[in-house]
Each structure stands twice: as C-alpha cells, then as structure tokens.
Amino acid sequence: MTKIGIIGVGYWGPNLVRNFESLPNCEVVAICDLDPANIDNITKRYPRVNDYDNIDAMFGQEDLDAVVIATPTATHHGLAKRALEAGLHVFVEKPLTVTSEQSQELIDIAAAKGLIVFVGHIFLHSAPVQKLRELIASGELGEISYISCRRLNLGPVRSDVSALYDLATHDISIVLHLLGQQPVDVNCQGLDYIKDNVHDVVNLTMKFPNNKMGMIHCSWLDPRKERVITVVGDQKMAVYDDLGEEKIRIYDKGVNLHSKSGELAEFKLSYRHGDMYSPWFKQGEPLKTECSEFVRCIIEGDTPRTDGVNGLQVVEVLEAANESLLNNGCSISIDSKIVV
Ligand SMILES: NC(=O)c1ccc[n+]([C@@H]2O[C@H](COP(=O)([O-])OP(=O)(O)OC[C@H]3O[C@@H](n4cnc5c(N)ncnc54)[C@H](O)[C@@H]3O)[C@@H](O)[C@H]2O)c1
C-alpha cells in the first residue's frame with residue numbers, strides 16, 4: 001500500500017482525497033491544511049485520516065511514501081522542496097511552480113534522490129486529449145497549422161494568480177503535448193479589471209517552429225462556460241468541446257490553394273466541404289486516471305507523462321507569457337534549454 005499525505009484541502013484537495021481513496025493500491029493516511037474548517041470537512045467524511053496544521057508535524061509523525069500538494073501556486077515550490085528533502089515522492093497541482101528556476105530545482109533534487117515529481121496537468125491524462133494526439137500523429141489531419149483554445153466562464157475568480165497561471169496553464173500543457181514542441185516565442189495581452197496585476201482575461205499567442213501557432217483565450221469574466229479546442233490541419237480539422245455530448249468532431253474541410261502568384265487574377269482557391277464524424281473512444285474520469293498514474297509510477301519506478309520536466313516546459317511558457325503580459329504584449333522569445 002502506497003501511503004499518501006495530502007497538503008491543502010480547500011476547493012480542489014477534497015477531489016484528490018476522494019480519488020486516491022478510491023484506488024486499491026494506496027491509502028490517504030494524513031491531510032494537512034492551515035484552515036481548521038477545511039480539515040473538518042475531510043475528517044468528517046474520512047475519520048480514519050490523521051490531520052495536521054503544518055507539514056513538519058506531518059512528516060515527523062507519519063510514515064509516508066508520497067505527498068500531494070494542492071495549495072496556492074506560490075506555495076508549491078517551498079512545500080514540494082521540503083517533501084523531496086524528506087525523501088517523499090511529490091504530486092504537485094498545476095502549475096508546478098511560479099518560475100522555471102524553481103521547477104528546475106525540484107527536478108534536480110528529485111533526480112539526486114531517485115524520487116518522482118508528478119505535475120497535475122490533468123488533461124494530459126484525459127481520453128479526448130489522447131485521441132487528439134493520436135489523430136495528429138496518424139496524419140489524418142495533415143500538417144497542423146494552428147491550435148486555438150477557449151477556456152471561458154463567469155468565475156471562479158482567483159486573487160492569488162492571474163487567469164494566465166490559473167486557466168491558460170491547462171491549455172499550454174495541452175498544446176505543447178499535441179505539437180510535441182516548445183514555442184519559440186510568445187505574446188500575451190490581458191486586462192486586470194478586478195484586482196491590479198491579477199489579469200482576469202488573457203490572450204496568449206505561441207509561435208512554434210515550422211510556422212505553427214497556438215492561440216489561447218481565457219477568462220473568468222465571460223457569461224457562458226466554454227471549453228473548446230480547435231486543431232486545424234491542411235487535410236482535416238478537429239474540434240474538441242469538453243462540454244459537448246460528442247467530445248470530438250472531425251471535419252473534412254479545408255482550403256486548397258491552386259496558385260499563389262501576387263496577381264489577384266491568379267490567386268485561385270477552392271473550399272472543401274466534406275463529411276463530419278465523431279470518433280468513439282473510451283471515456284474515463286481524468287482525475288482518477290491521473291491519481292492512479294502517480295501511484296503506478298511510484299510502484300513501478302516509471303517516469304510519468306506529466307513529470308517535472310513536463311511541468312518545467314509549461315512554467316517556461318507561463319513565465320515568458322507573464323513577462324509579455326506585464327510589458328504590453330511585447331514578443332518574448334523562449335530560449336528553451338529543455339530537451340523534449
Ligand atoms: N487540476 C485542476 O483542474 C484544478 C482545479 C482547481 C485547482 N487546481 C489547483 O489546486 C491548487 C489549489 O487550488 P484550490 O482552488 O483548491 O485553492 P484553495 O485556496 O481553495 O485551497 C488551498 C488550500 O491550501 C491550504 N494551504 C495554503 N497554504 C498551506 C500550507 N503552507 N500548508 C498547508 N495548507 C496550506 C489553504 O488553507 C486552503 O485550504 C492550485 O494549485 C490550483 O491551481 C487544479
């Protein structure tokens with residue numbers, strides 16, 4: 001039995017407790033939170049779980065294999081570092097850290113101690129995203145030109161991190177996974193309506209090698225909930241609507257360019273309007289898959305898909321995007337030192 005401690009049981013942590021508790025090969029033995037009301041909320045439902053208000057007491061008294069960190073983003077690095085130094089595998093909610101330097105430090109400590117850093121990029125454990133990746137890899141969509149993502153809703157508004165760090169993190173992880181590359185540069189613009197320097201609305205553009213683009217529009221000030229990702233290839237196009245009944249639709253549509261001379265008369269195009277179909281694939285609960293992957297990697301000594309390097313790749317983009325956001329959307333190049 002893998003023994004797990006969960007740090008942070010506010011909004012998201014209870015979902016992690018429930019999912020780890022549902023797995024046959026692990027046990028949530030302890031929780032830790034600064035807020036007694038949030039602790040009570042868990043101990044009422046799981047009376048057997050020991051509770052702590054600081055991690056030193058938890059590490060001192062419990063015989064843990066791993067911890068799961070679901071606290072505000074700014075605390076991830078400090079808590080994960082202390083857990084790794086105590087010899088524990090760590091699952092850190094997204095984003096891994098605020099800066100890439102912090103992510104690199106966690107990767108280095110984990111490597112030196114033979115421990116796993118697992119990042120909560122939940123969509124990389126979801127069936128629709130895996131299906132999109134298969135469609136791209138099989139060549140069915142042709143050469144990909146761009147991926148656009150819309151993640152909109154009215155709330156929940158955060159005060160600790162912007163919509164870039166809170167919402168766009170998901171889409172950055174998805175686009176990087178689908179294209180299998182780091183962007184070369186990014187531009188990001190946004191608006192901080194509610195609180196200064198905590199942007200509620202962001203528009204991020206990522207340029208990739210070989211003339212590919214990723215566009216992400218996120219907001220917690222929108223009237224309707226939307227979770228849509230469009231992948232445009234030169235053969236077919238795919239739309240993944242996470243709220244739709246048919247999660248993925250594939251459109252046999254495109255534009256064929258017959259001549260590309262500068263003369264208007266010779267600029268000949270035709271539009272292809274073919275069939276649309278929705279592929280079947282087995283759906284599961286991504287959070288349960290994610291939790292079970294963490295435990296499997298600990299037991300089998302395997303490297304997770306969402307390991308520390310994957311977390312660093314996303315943080316590198318977030319860091320550059322944030323610099324652009326705070327500098328009126330200027331272009332920031334990413335001189336990535338990560339080997340993908
Ligand atoms: N994967 C997803 O879809 C998803 C969804 C929501 C949140 N999250 C992530 O989960 C994390 C937590 O978000 P949330 O919405 O639950 O936040 P929250 O503010 O509701 O809860 C955070 C909890 O951490 C506790 N905490 C803060 N500092 C602590 C410390 N030093 N030691 C122990 N406990 C501490 C707080 O008391 C609080 O109960 C964030 O990283 C967020 O990005 C992920």
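"How many nonpolar, polar and charged residues make up the shell around the ligand? Before I answer, please keep in mind that what we are looking at is a predicted model. Sorted by class, the shell around the ligand holds 10 nonpolar, eight polar and four charged residues. Of these 22 residues, the ones that come nearest to the ligand are Gly8, Gly10, Tyr11, Trp12 and Glu93, while the element that gives the most to the shell is helix α4, residues 73-85, with three residues.

Let me step back to the whole chain. The domain assignment gives domain 1, residues 2-123, and domain 2, which is made of residues 125-286 and 317-333. The C-alpha centres of domain 1 and domain 2 lie 30 Å apart, and where the two touch, 10 residues of domain 1 are in contact with 13 residues of domain 2. On the domain 1 side of that contact there are five nonpolar, four polar and one charged residues.

Now to the inside. The largest nonpolar core has 89 residues, and those that touch the most other members are Ile6, Val90, Leu164, Val231 and Ala238. Helix α7, residues 163-179, gives the most to this core, with 11 residues, and the core draws at least three residues from each of domain 1 and domain 2. If we take Val90 and leave aside residues up to four places away in sequence, its contacts include Ala66, Val67, Ile69 and Phe118.

Helix α8, residues 286-300, lets us check a length. Its 15 residues should span 21 Å at 1.5 Å a residue, and its end C-alpha atoms are 20 Å apart, which agrees. Among the buried residues of α8 are Glu290, Cys291 and Phe294, and the buried residues of this helix pack against several elements, including β1, α1 and β2. Just after α8, Gly301 takes a positive phi of about 65°.

Finally, some backbone details. Most residues other than glycine have a negative phi, and most peptide bonds are trans. Asn211, however, is not a glycine and has a positive phi of about 60°; it is found in the loop between β9 and β10. Is Asn211 buried or exposed? Asn211 counts as exposed, because it has 9 C-beta neighbours inside 10 Å. As for the peptide bonds, a cis bond joins Lys94 and Pro95, with omega about -15°, and Pro95 is found in the loop between β5 and α5. The bond from Gly155 to Pro156 is also cis, with omega near -10°, and Pro156 is found in the loop between β7 and α7."

Notes. Residues numbered from 1 in each chain as written. Predicted model: local features only at pLDDT ≥ 70, side-chain atom pairs only at ≥ 80, totals over all residues. Near = placed C-beta within 6 Å. Helix = DSSP H or I, 4+ residues; strand = E, 2+ residues; numbered from the N terminus. Nonpolar A, V, L, I, M, F, W, Y, C, P; charged D, E, K, R; others polar. Expected span 1.5 Å × (residues − 1). Buried ≥ 20, exposed ≤ 12 C-beta atoms within 10 Å, placed from the backbone. Contact = placed C-beta atoms within 7 Å. Core = buried A, V, L, I, M, F, W, Y, C linked by C-beta atoms within 7 Å. Domains from an automatic or database assignment.
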